[in-house]
Amino acid sequence: MRVVLVGPPGAGKGTQAQIIAERLAIPKVSTGDIFRANISGDTALGQRAKAYMDKGDLVPDEVTNAMVRDRLAEDDAKNGFLLDGFPRNVQQAETLDTMLSDLATELNAVLELVVDEDEVVRRLEGRRTCRKCGHVHHLDYDPPKTEGVCDVCGGELFQRDDDRPETIRRRLEVYREQTAPLVDFYDRRGLLVRIDAIGAVEDVTRRAVKALGVGEAS
Ligand code: AP5
């Protein structure tokens with residue numbers, strides 16, 4: 001199955017993508033995660049992306065598209081993938097069409113996670129990510145048992161640089177201006193499925209798998 005997840009920053013795309021991708025045994029391809037791995041590794045790509053990410057702007061399309069093209073050509077993506085954070089504007093969506101047609105395949109669905117802005121701000125401000133394993137906690141919704149320490153691996157939790165209030169504001173602006181139009185773009189093609197993404201993580205997963213027609217979550 002080939003699925004795109006769309007929704008504002010903090011909607012829970014990464015959280016759901018992880019669970020759904022595991023359930024469907026397909027890779028989660030998160031452009032944000034790939035950029036952050038490159039920043040941690042201090043690669044040329046990471047250095048270039050960081051300047052945009054820290055401001056809350058999109059990394060230029062030519063950089064992002066090339067990165068996704070390479071990733072989707074890898075073996076583990078042959079039988080499907082779940083894209084988290086890509087495409088993020090209409091130009092990227094059109095490029096994705098070309099990539100998929102070059103691979104002689106197409107998208108099955110675009111899942112929109114619907115969450116209001118007050119809630120996404122709460123989710124982003126309280127998010128804490130593990131430096132070691134990447135697990136994501138939330139200070140109120142999913143607090144770690146020990147402050148500052150990841151429940152999964154004991155690694156150190158940190159706040160993402162782009163989760164500062166002024167950067168969150170800019171990311172939401174960018175979402176409204178550049179990414180939200182994708183909802184209509186995919187709706188016109190009959191690919192869009194939309195779910196309410198407020199509520200417990202497990203409830204949102206249940207709605208997502210039902211909407212995608214891939215069976216009930218256990
Ligand atoms: P990216 O990493 O993709 O960030 P984003 O889209 O802003 O999304 P987030 O990762 O902030 O949130 P999320 O929806 O995954 O929520 P999460 O599951 O973590 O991109 C970062 C930057 O990279 C961009 O700004 C851009 O610069 C660049 N970039 C990336 N892709 C690009 C592209 N295609 N083109 C150009 N540039 C690109 O959840 C958030 C919090 O809420 C967590 O703490 C979580 O525990 C909690 N939570 C999750 N679900 C629930 C729930 N149901 N109830 C309560 N809390 C919940």
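Trainee: How accessible is alanine 73?

Mentor: Alanine 73 counts as partly exposed, because its relative accessibility is 49%. In this scheme, buried means under 20% relative accessible area, exposed means over 50%, and partly exposed lies in between (1.4 Å probe, protein chains only). Alanine 73 is found in the loop between helix H4 (61-72) and S3. Its C-alpha atom is separated by 9.8 Å from that of leucine 100, and the two residues are 27 residues apart along the chain. Helices (H or I, at least four residues) and strands (E, at least two) are DSSP runs, numbered from the N terminus.

Trainee: On what basis are such values given?

Mentor: This is a predicted model, in which local features need pLDDT of at least 70 and side-chain atom pairs count only at pLDDT 80 or more, while totals for chains, interfaces and linings use all residues. Residues are numbered from 1 along each chain as its sequence is written, and side-chain values use heavy atoms, with hydrogens and water left out.

Trainee: In what order do the strands of the open sheet lie?

Mentor: Two strands pair if DSSP finds at least two bridges between them. Here five strands form an open sheet with parallel pairing, in the order S2-S3-S1-S4-S8. Strand S2 (28-30) and strand S8 (192-196) stand at the edges with a single partner strand each, so one side of each has no neighbour in the sheet. On average, neighbouring strands of this sheet are turned by 20° against each other, direction ignored; axes are lines fitted to C-alpha atoms, for helices over the stretch in contact, and angles run from 0 to 180 degrees between N-to-C directions.

Trainee: Which way do the side chains of S3 point?

Mentor: In a regular strand the side chains alternate between the two faces of the sheet. From S3, Phe81 and Leu83 point one way, Leu82 and Asp84 point the other way, and all are buried.

Trainee: How should I describe two packed helices?

Mentor: Two packed helices are described by the angle between their axes and the distance between the axes. Helix H2 (residues 31-40) packs against helix H3 (residues 44-55) at an angle of about 120°, and their axes are 8 Å apart. In contact, which means heavy atoms within 4.5 Å, Gly32, Phe35, Arg36, Asn38 and Ile39 of H2 meet Leu45, Gly46, Ala49, Lys50 and Met53 of H3.

Trainee: How many disulfides does the structure contain?

Mentor: A disulfide is a covalent bond between the sulfur atoms of two cysteines. With the cut-off set at sulfur atoms within 2.5 Å, a search of the whole structure finds zero disulfides. The sulfur of cysteine 130 is 3.5 Å from its closest cysteine sulfur, in cysteine 153, and is therefore too far for a bond. Likewise, the sulfur of cysteine 150 is too far for a bond, because its closest cysteine sulfur, in cysteine 133, is 3.8 Å away. Cysteine 130 is buried, with a relative accessible area of 3%.
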